[in-house]
Amino acid sequence: MEATGSNAWLISLAVFLPLLGALVMMAIPKEEEDLHKLIALASSLAALIAGVFILARFDYDNAGTLQFVVDKSWIDVINSRYIIALDGLSLPMFMLSLVVVPLCIIYSWDHIPEPGNAKAFLILLLVLATGMNGTFVAHDLILFFVFFEVVLLPMYFLIGVWGGPERKYASLKFFLFTLFGSALMILSFLALFFLSDVQTFDMRILPEAAAGIHSTTAIWIFGGMFMGFGIKVPMFPFHTWLPDAHTQAPTVGSVILAAVLLKLGTYGFIRIAIPILPEAAAEWAPWIGLLAVIGIIYGALGCLAQTDMKRLIAFSSVAHMGYVMLGISTLTDFGMNAAVFGMVAHGLITGMLFFIAGSVKERYHTLEISRLGGLLVSAPRLGWILGFASMASLGLPGLAGFWGEFPAILAAYQPADGLPVETFRTYMVIAALGTVLAAGYLLWMYQRTSFGEPSEEWADTEIDDVGTFEWIAWTPFLLAIVVFGVYPNLLFSVTDDAVVNIADIVAKSTGG
Amino acid sequence: MFAQLTQFESPPVDFFSLTPLFILVGGAVVIMLVTSLSPRPIPGWFSTAVSVAASAGAAVVAMVLWNDVRESGPYSTVSDAIGIDGFSLFFTVLVSLGVIATALVGDAYVRREHIAAPEFHALLLTAATGAIVMASANDLVVMFIGLESLSIGLYILAAMQFRRPHGREAAMKYFVLGAFSSAFLLYGIALVYGTTGSTSLIVIRERTSSLGAMVSPSELLIVGIALLLVGFAFKVAAAPFHFWAPDVYEGSGSPVSGFMASVAKAAAFAGLLRVVVVALGANEGDWAVPLAVLSAISIIVGAVMAITQNDVKRMLAFSSVGHAGYILVGVQAATAEGMSSALFYLFAYTFMVIGSFAVVSVIGWDNGHPIERYEGLAKRRPWLAGAFTVFLLAQAGVPMTAGFVAKFLVIKSAVAEEIYWLAILAMVASVITAFMYLRIVMAMWARDADVDDAPRLAVAPATAFVVAAAVAITLVYGIIPDSLIEFTRDAVPALVAGN
């Protein structure tokens, strides 16, 4: 394929340009704040432009095959290679990550959180960007792991230094939970390496090479990966780091956490765990489905109990990622397509909600729902955007959230062959109930923060409406939520081929 | 009667092969002679310069020898008592680099503490000589001599901070327990000699591997192996023989603690590897499981004790116990892969820990090292805090650092041998220790720390250089570890009889 080889360097460019920007910024004294902002924005935009080129050159008719493949030697002595490539499954996630970072930098233009130091803040964002971009395109387990872990550190510092009052606790919890998962995950990778027919970390070969692993062993190996990815998602009962991390993180930290970081886990399931160990995945699927629906209900009930707006949005993430995991656990192409859509939709919508929460916090210096109110009166545009994002989040048809949630529920009606149908239909009913709860908590939040007259506390305070940088940062989110909601096929058509491939692997191993 | 005495024939000595040792000892002699004979006081930098030059020379000669060994194969000399192979040369280079770093960091330290510079550097060089002898010894007695030269040098180095109460306690403890562990080793050597009839590693290997030639796999040999393991476990500070480490690391000067945690530990591991893996390779069943248990205990103790500490030096001491455990994970696998992973770990750890103690030596000189003293370091000295962050994260095993590759390789060697329980334990414990490293990191970057009236920290250029070099090594081998992994693979111990 001609298109595959010639532009292969484009991906590496998109992955490493932010890092290059970060290196340049390190050499510049921190007093030059504007210069730092410019370099950060320029390098992340340059990465995005490389991404746009990839979008343009991507062969959509062969979205199921890997394109732009680069396969170079890296650490030969441990058989780890630098394998970078894209297919229809990676592309949406990769683009999401490329788009979110520059928008976050634009938002940060006049919102560098306490205690300032734009230089360090932006450098961390750029390093984070490289880690996220790389994770979605790496096709070597070790390379994947390295990118997966590189993400951890900048986020740890973003929460730990620029976070809220409980930042130390939250950042440590975030780091340790994720590290625990990764520790078991790397063991699974090693076990795969030694037990496969060919000793390799190459994710393209492994689905075949790992077919010979004894089924009991495979279940254990899948377990290790489940811990790694499941904690990142996060699935119930490992979700407890998420509300703390989200609540304490600075606004753009929360946005990136919700928009991209959580997806590393779900992406890992679809990309690595399921195709490499399909039989074990089938054994695990009912349990994953169970945890997913528990997450949906638990997250929703958690939301209803919150008094803090940001914490409420964080718990809603637990519920939404539950739908994604439910879709994945059906192991069907329908379910996994829904899951990928859900990942993008949740990224856009919840990212947006966290942006709004950040701006509300900046204006009111609190996110206590009981102290807010009358947002539609005091800052009507902000209020309307919050309403729009809430509607999208509760799964209103016509907006992006719907296409992640509804097909995932539907997919549970008919899971892959070999999975217990009754169980999944029960999950379906419970998950459907979860949507009612979602409508409940989101509308409840919206009413209490936006309707009515501003409370006496804020009656005399001038509340600024949406500012320029906020408009620039938010508009793409809002547009994407509408576009994907009205024309979901835009995304489904890209992901379908790749997802069908994975579903086929599962069907072959469980059916045959 | 006299006629019965045979004339003593000195064994043939290949002097060139021993040049690294001569250079180091020569450096020590030059320092002592010049400074004591000179009519005028010699400035402190002279001793530093000599010890840096001597270790650099030793490292260069070792590289030349390394080239020879690659071309014409390893050999042994002095009646097969000293092996010149990839393994011994690897440690020669490692020890020399360790001495250079310690000497440079020590330069500012001796001036600040009013310690006699010539003694400090001369002892450093002789201790290093002992370390290299240990790593090259093909004979248990020679190895013991090396061990003692290393230990005696260290006893005095540990005692140099005698003006502080902790310093005296540390020196005493180190001396008593060190002597105690040497006794274990010596007893072990005696028993192994008793069963095999030789102290030469080469002969021991021959006799233990052809079990038929022996009367029986004697219990005495097993007891001997056990005593040897206990002795080495003391020296590498593996739990439950680690009790000296926290007090000694805390009480000694930071550069000395760094030297103990890196060079002394590496030398002890070199001795252990040479003895158990090569000479007693046939008795793998007798030492692999005990080492796995030691490794597990060290990892657990290192992790659990480290998080309860409040003193940064003690934290580093317990983490060093844990690291000994990780290195043992590679050793107990008893494969070439495992050996090379242990060597990689030692190399990577040497620079992380010397760098860490270099930073520690800048931070404080009295009232110990409570973690509070590190609060707000990022505001006072951002680059220093950044470097310490790199060292700590590397020790926690974060990717893109040599620490990650090191942990990855030892765990890989355990998984390859299907020793899953140890691999899982090691990984879970690494999460626990990460908590401790992050506490220090968090303290340094704490944004609400009040640093306005904190004293200005002076970073000597030599110390800054060491810290920068250690950061570079930690990062470079974290991203492109290929060349170092190959080096360690070539350096897997292979005993070769001369002639």
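Modeller: Let us begin with Asp71(A), which counts as partly exposed at 31% relative accessibility. Please bear in mind that this is a predicted model.

Colleague: Why is Asp71(A) called partly exposed rather than buried or exposed?

Modeller: Buried requires a value under 20% and exposed a value over 50%. Asp71(A) has 31%, so the term that applies is partly exposed. Arg204(A), at 33%, is partly exposed as well.

Colleague: What makes Asp71(A) and Arg204(A) a salt bridge?

Modeller: The closest N and O atoms of this pair are 2.8 Å apart, and the cut-off is 4 Å between a side-chain nitrogen of Lys or Arg and a carboxyl oxygen of Asp or Glu. The pair therefore qualifies. In general, side chains of opposite charge can pair when their charged atoms come close.

Colleague: Which parts of chain A does the pair tie together?

Modeller: Asp71(A) lies in strand β1, whereas Arg204(A) lies in the loop between α8 and α9 of chain A, so parts that are 133 residues apart in sequence are tied together. By the same rule, the count over all chains comes to 20 salt bridges.

Colleague: How do you know that Lys173(B) and Asp247(B) form a salt bridge?

Modeller: Their closest N and O atoms are 2.4 Å apart, which is within the 4 Å limit. This pair links distant parts of the chain, with Lys173(B) in helix α6 and Asp247(B) in helix α9 of chain B, 74 residues apart.

Colleague: What makes Arg314(B) and Glu250(B) part of a network?

Modeller: The side chains of these two residues meet in a salt bridge of 2.8 Å, N to O. Arg314(B) is in helix α12 and Glu250(B) in helix α9 of chain B, 64 residues apart. Both Arg314(B) and Glu250(B) are buried. Salt bridges that share partners join Glu169(B), Lys173(B), Asp247(B), Glu250(B) and Arg314(B) into one network.

Colleague: Why is Asn283(B) called buried?

Modeller: Its relative accessible area is 10%, and the term requires a value under 20%, so Asn283(B) is buried. Asn283(B) is placed in the loop between α10 and α11 of chain B. Leaving aside neighbours within four places in sequence, Asn283(B) is in contact with Thr208(B), Leu221(B) and Ile225(B).

Colleague: How much area do chain B and chain A bury between them?

Modeller: They bury about 3,300 Å², 80% of it on carbon and sulfur atoms. Phe408(B), Met442(B) and Arg447(B) lose the most area on the side of chain B, together 22% of what that side buries. The contact takes 36 residues from chain B and 38 residues from chain A.

Terms used. Residues numbered from 1 in each chain as written. Chains lettered and ligands numbered in written order. Predicted model: local features only at pLDDT ≥ 70, side-chain atom pairs only at ≥ 80, totals over all residues. Heavy atoms only, no water. Helix = DSSP H or I, 4+ residues; strand = E, 2+ residues; numbered from the N terminus. Buried < 20%, exposed > 50% of the residue type's maximum accessible area, 1.4 Å probe, protein only. Contact = heavy atoms within 4.5 Å. Buried area = accessible area lost by both parts, 1.4 Å probe.
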